[in-house]
Amino acid sequence: MTKQEQKEMALKFYTIMYRTRRFEEEVFEFYKRGLMPGLAHLYLGEEAVAAGVCGALEDRDFIGSTHRGHGHLVSRGADLKRMMAEILGKETGYSKGKGGSMHIMAMDKGILGANGIVGGEIPIATGSAYASLYKGTDEVTVCFFGDSAANEGAFHESVNMAAAWNLPIVFVVENNLYGISVDIRRVTKEHHIAKRAAGYGIEGITIDGNDVSKVYETAKEAINKARKGDGPTIIECLTYRWQGHHVGDPGIYRPEEEIAEWKAKEPIIKLEALNFLTKEEIDEIKESVEKEIQEACQFAEESPYAPESEAYTDVFVD
Amino acid sequence: MKNIMYRDAILEALDEEMARDDSVFCMGEDVGVLGGNFNCTVGLMEKYGDLRCKDTPISEQGFVGMGVGAALRGLRPVVELMFGDFIMVAMDQICNQMAKITYMSGGQVHVPMVIRMPMGGGRSSAAQHSQSFHAWVAHCPGMKVVVPSSGSEAKGLLKTAIRDNNPVMFFEHKMLYTAKFDVPDDEDYTIPFGKARMVTEGDDITIVTNSIMTIKAEKAIKKLKAEGIGADLIDLRTIVPLDTETIIKSVKKTGKLLIVDEGHESFGISGEIATRIMPEVFYDLEAPVRRLGTADVPLPFSPALEFPLIPDDKKIYAAVREML
């Protein structure tokens, strides 16, 4: 990669990751102010995974997302205003307030939906890949999920079929070590999900999920492979969530030292340390992202709730 | 019109819809090489290719979910579950995903998908291959629920199901697969959802049925007719949407209602129908609403134990006689 290309990539990824970071911080603020109904599962600390993977996708591609999905959606270019409005339960949200944080869907961006059931999106994303094969088109579907979802039957069934039929899909595991409070090392003997790929006859790769360029390069290769018809790959991104499982979960089950250790190698600091970007460039990104975020927050806060009658629509379509 | 088996009527519907629309495809266990456990997809793989008649591994949750994903991408999957009992293995994808995605997305997407499966007892298949779960899925908003009672009904309703833009749970009765019926040839023969079929007409009692219970009731009604008793026999066709209008109109005329359904008697279709129509017919009723369902025990293996649990023509006949 030339210096110029490095710079462009750094600008792109810094912007996406910082946008995700700030978006999530504001979601947290809304929660603390009592303006967000229910809960949300924050992506803070994991920004490089979504940024790197989505950065390697084409517009025509698709993603399946999870309960911790804001980062995937922001990175895929979903409208921040409509996202934030949905999270606040407003009529202007992607689902008019019917879905909320865990169910944001944006088909115009190829986002097949976040999902409230751990592993629930894996068969659906696999079906999207089947549709591409069926239609003879070359879209790739990326399916995000966490380490815990890999212990669901849906993971096994889907990866097996995707492998058997060479479906154009990339499985991206965000291994953040914990399923709510349960340390993966307490409930699995082999802690690396990517190693399971061998059992399905496909390639599995474990990488530093906080290194955005590494994520991007690995994803690019796997996506190209899927696009060429050479089948799926499991990419396991080692990362860490800063907060508890959801807002309001203090995450006391994790040692302080562990949190501090991961925070020290978090994705944004990691990218800054490469010195591809000057301080002025970083400030410029921060300023422009801040404007987008504030606009999104204002839009969401000022938007009305849908009328009660809205609850009865969209159960069936004509 | 031709006289063919129920299973061949289903096959015809699938074949015609696959020929008509490239986005329609079948998927499930043994649907390809074998042509389906009950022979409903025979020849489709040869005719339309592997991708359009896909043999899957035994992964119900996985391939039902793949159907959902493919439907979101504009295809029209017809997923076969080898037995209706197996919905329980795929219930997350059916109830939490398929039925709710349109709603959760605020109407951004629709899920034009059909899940076909056999229901019912009568084959000594014991407790895990004999159940009738149509009421279970009717309880979850977001799915249409179809229970065809004959070959022509199966063909017309399946074609409607495939053309519908919503998820449809299509319950075929396993004891009907080899029964023969007159079935229309017309490729555009469809039956609208939510409009019950008046099978026989009479002034003495209303009998509401679905699926094979319609045929059992017809048999009972023949005997009753010989004894001078006339019944309105209403075959529901679909549980969701439910045609309460036809039932209400009939009960206003007859004053008596017997509901026959193969699901377990408690917490099922019959209780729902009785409650729904009650505000409209309360003052027209001349007797308490009565119901016949499968006894509230798991289906046993031995025919000696199984048959007595399931409603049949004799029980229907006896119930009607008691009500008059």
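Domain bounds here come from an automatic or database domain assignment. With that in mind, welcome to this predicted model. In chain B the assignment gives domain 1 (2-183) and domain 2 (197-323), and the centres of these domains of chain B, taken over C-alpha atoms, are 26 Å apart. Chains A and B also touch each other, with 34 residues from chain A and 34 residues from chain B taking part.

**Where chain A meets chain B**

- Chain A brings 34 residues to the contact, and chain B brings 34 residues as well.
- On the side of chain A that touches chain B, the elements giving two or more residues are helix 5 and helix 6 (153-164) of chain A.
- Helix 5 of chain A provides the largest share of that side, with ten residues.
- Sorted by class, the side of chain A that touches chain B holds 17 nonpolar, twelve polar and five charged residues.

**Helix 12 of chain A and its partner helix 4**

- Helix 4 (residues 80-87) of chain A and helix 12 (residues 279-302) of chain A have axes that come within 8 Å and cross at roughly 45°.
- That angle makes helix 4 of chain A oblique to helix 12 of chain A.
- The crossing of helix 4 of chain A with helix 12 of chain A is right-handed.
- From helix 4 of chain A, the residues Leu80(A), Lys81(A), Met84(A) and Ala85(A) take part, and among those they meet in helix 12 of chain A are Ile293(A), Ala296(A), Phe299(A) and Ala300(A).
- Eight nonpolar, no polar and three charged residues make up the contact of helix 4 of chain A with helix 12 of chain A.

**Helix 12 of chain A and its partner helix 1**

- The axes of helix 1 (residues 3-32) of chain A and helix 12 of chain A come within 9 Å, crossing at roughly 40°.
- Helix 1 of chain A is therefore oblique to helix 12 of chain A.
- Helix 1 of chain A and helix 12 of chain A make a right-handed crossing.
- The residues of helix 1 of chain A in this contact include Leu11(A), Tyr14(A), Tyr18(A) and Phe23(A), while those of helix 12 of chain A include Ile282(A), Ile285(A), Val289(A) and Glu290(A).
- By class, nine nonpolar, one polar and seven charged residues form the contact of helix 1 of chain A with helix 12 of chain A.

**Buried places to look for**

- Helix 4 (residues 91-98) of chain B has buried residues at Asp92(B), Gln93(B), Ile94(B), Gln97(B) and Met98(B).
- The cover over these buried residues of helix 4 of chain B includes helix 5 (121-135) of chain A, along with helix 3 (60-72), helix 5 (101-104), strand 5 (114-119) and helix 6 (134-138) of chain B.
- Val140(A) sits in the loop between helix 5 and strand 2 (141-146) of chain A.
- Val140(A) counts as buried because it has 28 C-beta neighbours inside 10 Å.
- Leaving out residues up to four places away in sequence, Val140(A) touches several residues, including Asp61(A), Pro168(A), Val170(A) and Ile223(A).
- Although 80 residues separate Val140(A) and Arg60(A) in sequence, their C-alpha atoms are 8.1 Å apart in space.

**Backbone details**

- Most residues other than glycine have a negative phi, and most peptide bonds are trans.
- Ile180(A) has a positive phi of about 50° without being a glycine, and it lies in the loop between strand 4 (178-179) and strand 5 (182-183) of chain A.
- Ile180(A) counts as partly exposed because it has 13 C-beta neighbours inside 10 Å.
- Arg237(B) also has a positive phi, near 65°, and its place is in the loop between strand 11 (231-235) and strand 12 of chain B.
- With 26 other C-beta atoms within 10 Å, Arg237(B) is buried.
- The peptide bond from Val240(B) to Pro241(B) is cis, with omega near -5°.
- Pro241(B) lies in the loop between strand 12 (238-240) and helix 9 (244-254) of chain B.

Conventions:
Residues numbered from 1 in each chain as written. Chains lettered and ligands numbered in written order. Predicted model: local features only at pLDDT ≥ 70, side-chain atom pairs only at ≥ 80, totals over all residues. Axes fitted to C-alpha atoms, helices over the stretch in contact; angles between N-to-C directions. Helix = DSSP H or I, 4+ residues; strand = E, 2+ residues; numbered from the N terminus. Parallel < 35°, antiparallel > 145°, perpendicular 65-115°, else oblique. Left-handed = near helix turned anticlockwise from the far one by under 90°. Contact = placed C-beta atoms within 7 Å. Nonpolar A, V, L, I, M, F, W, Y, C, P; charged D, E, K, R; others polar. Buried ≥ 20, exposed ≤ 12 C-beta atoms within 10 Å, placed from the backbone.
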